Amino acid sequence: MLELVHILTALQIYCKDAHYSFYGVNFKPLHEWADEILEPLQDYIDEIKENYFIMRGLVVPRGVDINASAADYVPTALGDNAQILANLLAIIAMAHNKLNGID
């Protein structure tokens, strides 16, 4: 479950970067799409921390540790709109695959 938190945090970080990095005629719809992904993430991550870690009596990892591990999943370059989209979809796919593997 901790790896899912890392991946979702990476998605949160990258969405914020993408939000400010889209450009051109497609800026507005891409910018808003990144917002749509970003907005529910914090609540979802919070639910995992509360319902998985705390309810099981486990220690919730510190934010600084989560962010450090999440950095391993954040693409290092933004690139053009197409590359940013590809990177976002790759992180979303990682999260989806991790979710599918959780009982």
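Start by selecting helix H4, residues 81-100, in this predicted model. At 1.5 Å a residue, its 20 residues should span 28 Å, and the end C-alpha atoms do sit 28 Å apart, so the two values agree.

Now colour the buried residues of H4: Asn81, Ile84, Asn87, Leu88, Ile91 and Ala95. They cover an arc of only 135 degrees around the axis, which means they lie on the same side of H4. Remember the helix repeat here: with 3.6 residues a turn, residues three or four places apart point the same way.

What lies over the buried residues of H4? Bring up helix H1 (2-19) and helix H2 (27-53), which are among the elements covering them.

Next, the largest nonpolar core, with 25 residues; pick out Leu8, Leu11, Phe22 and Leu88, the members that touch the most others. H1, H2, helix H3 (63-70) and H4 each give two or more residues to this core. H1 supplies the largest share, nine residues.

Zoom in on Phe22. Leaving out residues up to four places away in sequence, Phe22 touches Phe27, Leu30, His31, Ala34, Asn81, Ile84, Leu85 and Leu88.

Last stop: show H1 and H3 together. They pack at an angle of about 80 degrees, with their axes 8 Å apart. Angles of 65 to 115 degrees count as roughly perpendicular, and H1 and H3 are therefore roughly perpendicular to each other. For the contact itself, select Val5, His6, Thr9, Ala10 and Ile13 on H1, then Ile66, Asn67, Ser69 and Ala70 on H3.

Technical notes
Residues numbered from 1 in each chain as written. Predicted model: local features only at pLDDT ≥ 70, side-chain atom pairs only at ≥ 80, totals over all residues. Heavy atoms only, no water. Helix = DSSP H or I, 4+ residues; strand = E, 2+ residues; numbered from the N terminus. Expected span 1.5 Å × (residues − 1). Buried < 20%, exposed > 50% of the residue type's maximum accessible area, 1.4 Å probe, protein only. Arc of directions from axis to C-beta. Contact = heavy atoms within 4.5 Å. Core = buried A, V, L, I, M, F, W, Y, C linked by side-chain atoms within 4.5 Å. Axes fitted to C-alpha atoms, helices over the stretch in contact; angles between N-to-C directions. Parallel < 35°, antiparallel > 145°, perpendicular 65-115°, else oblique.
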